[in-house]
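Hi everyone, thanks for making time today. Please have the sequence and the 3D view open while I talk, and stop me whenever you like.

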Amino acid sequence: MERRTRYDIYSDILETIRRRGGVSGITRISYGANLPVDRTKTSVEFLIGRGLVEREVYGGIQGYRLTARGGEFLQALKTIKKYLYDDPLIFK
């Protein structure tokens, strides 16, 4: 099994939040990205600092929502992956 890069992890987190459509809790993000909760929190804080995810409080519970910039970043990561792994001249 190949290790995921930092950008693969960020992509998984952003994709999990996007799929949920609304506000996602840290546990749901952790399950979706297949990460321990403590590492998920660290990565989500990094993404918040870059303006890709925003924190929201609903009913006294903290959740996270994808920003427009986060959606653009996720799309850019998918495009880059497509060119890297679909090109037969580049080794995996």
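**A walk through the model**

Let's begin with a group of rings: Tyr-7, Tyr-10 and Phe-46 make up one aromatic cluster. Before we zoom in, please keep in mind that this is a predicted model. The mean pLDDT of the protein is 88, and 91% of its residues reach 70 or more. By element, confidence is highest in helix H3, at 96, and lowest in helix H4, residues 68-86, at a mean of 88.

Back to the rings. There are two aromatic pairs in the structure. In one of them, the ring centres of Tyr-7 and Tyr-10 are 6.0 Å apart and the planes stand at 85°, so this pair is edge-to-face. Both tyrosines sit in helix H1, three residues apart, which is about one turn of the helix. As a reminder, an α-helix has 3.6 residues a turn, so residues three or four places apart point the same way.

Now, is Tyr-10 buried or exposed? Tyr-10 is buried, since its relative accessible area is 8%. In the other pair, the rings of Tyr-10 and Phe-46 have centres 5.0 Å apart and planes at 10°, so this pair is stacked. Tyr-10 belongs to helix H1 and Phe-46 to helix H3, so the pair ties together parts that are 36 residues apart in sequence. Phe-46 itself counts as partly exposed, because its relative accessibility is 31%.

In soluble globular proteins, nonpolar side chains tend to be buried together. Here the largest nonpolar core has 16 residues, and the members that touch the most others are Ile-13, Leu-14, Ile-17, Leu-47 and Tyr-64. At least two residues of this core come from each of H1, helix H2 (26-33), helix H3 (37-49) and E2. H1 gives the largest share, five residues.

Let's look at two of those core members. Leu-14 lies in helix H1, which covers residues 6-20. Leu-14 is buried, because its relative accessible area is 0%. Which residues does Leu-14 touch, not counting those up to four places away in sequence? They are Leu-47, Leu-52, Val-53, Leu-66, Gly-70, Phe-73 and Leu-74. Along the chain, Leu-14 and Arg-65 are 51 residues apart, and their C-alpha atoms are separated by 9.1 Å.

The other one is Ile-17. If we leave aside its neighbours within four places in sequence, the contacts of Ile-17 include Gly-22, Ser-24, Ile-29 and Val-53. Tyr-64, Arg-65 and Leu-66 are also among the contacts of Ile-17.

One of those partners deserves a stop. Ser-24 is in the loop between H1 and H2. Is Ser-24 buried or exposed? Ser-24 counts as buried, because its relative accessibility is 0%. Not counting residues up to four places away in sequence, Ser-24 touches Ile-17, Ile-29, Gly-63 and Tyr-64.

Follow the chain into H2, please. The buried residues of this helix are Ile-26, Ile-29, Ser-30 and Ala-33. Seen down the axis of H2, they fall within an arc of 100°, so they line one face of the helix. What do the buried residues of H2 pack against? They pack against H1, H3 and E2.

Just after H2 comes Asn-34, with a positive phi of about 55°. Most residues other than glycine have a negative phi, and most peptide bonds are trans. Asn-34 is found in the loop between H2 and H3. Asn-34 is exposed, because its relative accessible area is 61%.

Last stop, the strands. Strand E1, residues 53-58, pairs with strand E2, residues 61-66, in the antiparallel sense over six bridges. Across this pairing, Glu-54 stands opposite Arg-65, and Val-57 stands opposite Gln-62. The hairpin of E1 and E2 has two residues between the strands, and Gly-59 in this hairpin takes a positive phi near 60°.

Tyr-10 is edge-to-face with Tyr-7 and stacked with Phe-46. That's my tour, and I'm happy to take questions.

Conventions. Residues are numbered from 1 along each chain as its sequence is written. This is a predicted model: local features need pLDDT of at least 70, side-chain atom pairs count only at pLDDT 80 or more; totals for chains, interfaces and linings use all residues. Side-chain values use heavy atoms; hydrogens and water are left out. Two strands pair if DSSP finds at least two bridges between them. Helices (H or I, at least four residues) and strands (E, at least two) are DSSP runs, numbered from the N terminus. Buried means under 20% relative accessible area, exposed over 50%, partly exposed in between (1.4 Å probe, protein chains only). Contact means heavy atoms within 4.5 Å. A nonpolar core is a set of buried Ala, Val, Leu, Ile, Met, Phe, Trp, Tyr and Cys residues joined through side-chain atoms within 4.5 Å. The arc is that of the directions from the helix axis to the C-beta atoms. pLDDT is the predictor's confidence in each residue, from 0 to 100. Rings of Phe, Tyr and Trp (its six-membered ring) pair if their centres lie within 6.5 Å; planes under 30 degrees apart count as stacked, over 60 as edge-to-face and the rest as tilted.
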